[in-house]
Amino acid sequence: MTSLVGTGVLLRFNLRRDRLMIPVWVAVNTLMVLSMPNTLKGMYGTEAERADLLHQVATNSSFRALIGPVFDDSLGALTAWRVGVYAGALAAVTGLLVVVRHTRDEEETGRQELIASGVVGRRASLTAALLAAAVASGVLALLVTAGLAGQGVVGALAFGLGLAAVGMLFATMAAIVAQLTESARLARGLTAGVLGVAFVLRASGDSASTDGSSVLTWLSPLGWLSQLRPFARERWWVLALFAVAVAAQGALAYVLAGRRDVGMSFVATRPGPPVGRLGSAGALAWRLQRGTVLGWSIGFFLAGVVYGGLTDGVADLVGDNEKAREIFERMGGQSGITDAFLASMTGMLGLVAALYVVASVLRLHGEETSMQAEPVLANAVGRLRWASGHLVIAFGGSALIMLLAGLGFAVGYGKEAGPLLGACLVQVAAVWVVGGLAVLLYGLAPRVAPLAWGVAGVVLLIGWVGPALDVPRTVLDLSPFGHLPKLPGGDMEWGPVLVLLGLAAVLVTGGLAGLRRRDLTT
């Protein structure tokens, strides 16, 4: 057991470092789940309305692909159906971020070597990282179980444990990937890519069958979550699948961790070309982030195609349900259910794009803390030129992925592309405000730069849950997305858009001014 010496100390240190990140991600996920029962009760308050909903889902393969099959008409079962896939995905993201942060990130920055020089076992860091992820997953399970207990204690427990199981499955998967790569960015990207594949497999399987019996559904951990069937005659044995997968992946991660040197990986880093092609700081930034941009671009285009394909069936799904219509209109405006749906979906993609811009901006923070910025700045490259290269990728990339989302909407919906492109591109102004705040935090106070994730999480929570809970307008206005015109269908208002763009410019300018004057992190 000497290989685990120091695990407790490292766990307390990890939780202290994540005292903001874990609570924010868990809170966003929990509030998203707990907001659903009352919302669904208002939308489908009678047995006839719920029966009609089940019929619509059973006959609409597109909605099953997006959300999954529904197995019962109780409010608990409808809650698990409506948010299960997305809550599971958020739990998975939380788990993989925590593990990579405390394993490969630590090695990449050199801190792990310093820790290893003390009285610390060989596998203590990995164990502490997995335990930190387990704490996040466990707290999520407790909060969800307690919050949904009124819908049925057994179903609430099954749903909470299912979400925690998904989080730990991807946490242990990230632990394996962290042993295989030398880059934390690549480890996060590869694990997130597996999560994307899991979503696609589940969507394909659920669209092909009404009860989730497709082989493709069973190949996806997100499919396992729906097959646990909380509040609908629970299948407890599905948790055994999670337990076996988590145990097997954890064991493999421990074996790999014991057979490599600190800082090394099992997959060697590919050497660069013999003739250099990085003639500028911008070219280097593009080389470092091009894979991320490509992944997000593909994902947003496909999301646009899926949402566009759902548009024609929205009117049938909502039918005469006034509550559902009101929620879409609060999210997307008063221009009719089809335009309101399109506006709400473009707004949702804009909220997700805010996560991209924060991640891309904080790449500057990662380059600095890993000491990789110093060799670049030691040459004839100023700080502003170096930072500008990454910021062009961050802000330009966010505009690109929203443009591709608009093209995807046009392809899926099969209508004129102009209004849909405009609806997606108008979101860029609010996305840039979130990115500008990330630049300001990084430039003025790099130690608290990760708080930008908290800002993005709060914005996502307001935009996602706020309309469903009918929160006051003053709360919605705390988000920059609350000030955008509702397109398509609504009137284009240039005033708020220009104000948001100006605010983003001020934030970026302030952040760059702070970066220029402060010392680099050592």
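This is a predicted model: local features need pLDDT of at least 70, side-chain atom pairs count only at pLDDT 80 or more; totals for chains, interfaces and linings use all residues.
Local features require pLDDT of at least 70 and side-chain atom pairs count only at pLDDT 80 or more, while totals for chains, interfaces and linings use all residues. Residues are numbered from 1 along each chain as its sequence is written, and side-chain values use heavy atoms, with hydrogens and water left out.

**Helix pair**

Two packed helices are described by the angle between their axes and the distance between the axes. Helix α20 (residues 383-413) and helix α25 (residues 494-517) have axes that come within 10 Å and cross at roughly 150°. Axes are lines fitted to C-alpha atoms over the stretch in contact, with angles from 0 to 180 degrees between N-to-C directions; helices are DSSP runs (H or I, at least four residues) numbered from the N terminus. The crossing of α20 with α25 is right-handed, that is, the near helix is turned clockwise from the far one by less than a right angle. On α20 the contact (heavy atoms within 4.5 Å) is made by R383, L384, W386, A387, L391 and F395, and on α25 by V508, L512, L515 and R516. By class, this contact has eight nonpolar, no polar and two charged residues; Ala, Val, Leu, Ile, Met, Phe, Trp, Tyr, Cys and Pro count as nonpolar, Asp, Glu, Lys and Arg as charged, and the others, Gly among them, as polar.

**Loop residues with positive phi**

Most residues other than glycine have a negative phi. F231 and R233 lie in the loop between α13 (221-227) and α14 (237-257). Buried means under 20% relative accessible area and exposed over 50%, with partly exposed in between (1.4 Å probe, protein chains only).

| Residue | Phi | Relative accessible area |
|---|---|---|
| F231 | positive, about 65° | 10%, buried |
| R233 | positive, near 55° | 65%, exposed |

Conventions
Helices (H or I, at least four residues) and strands (E, at least two) are DSSP runs, numbered from the N terminus.
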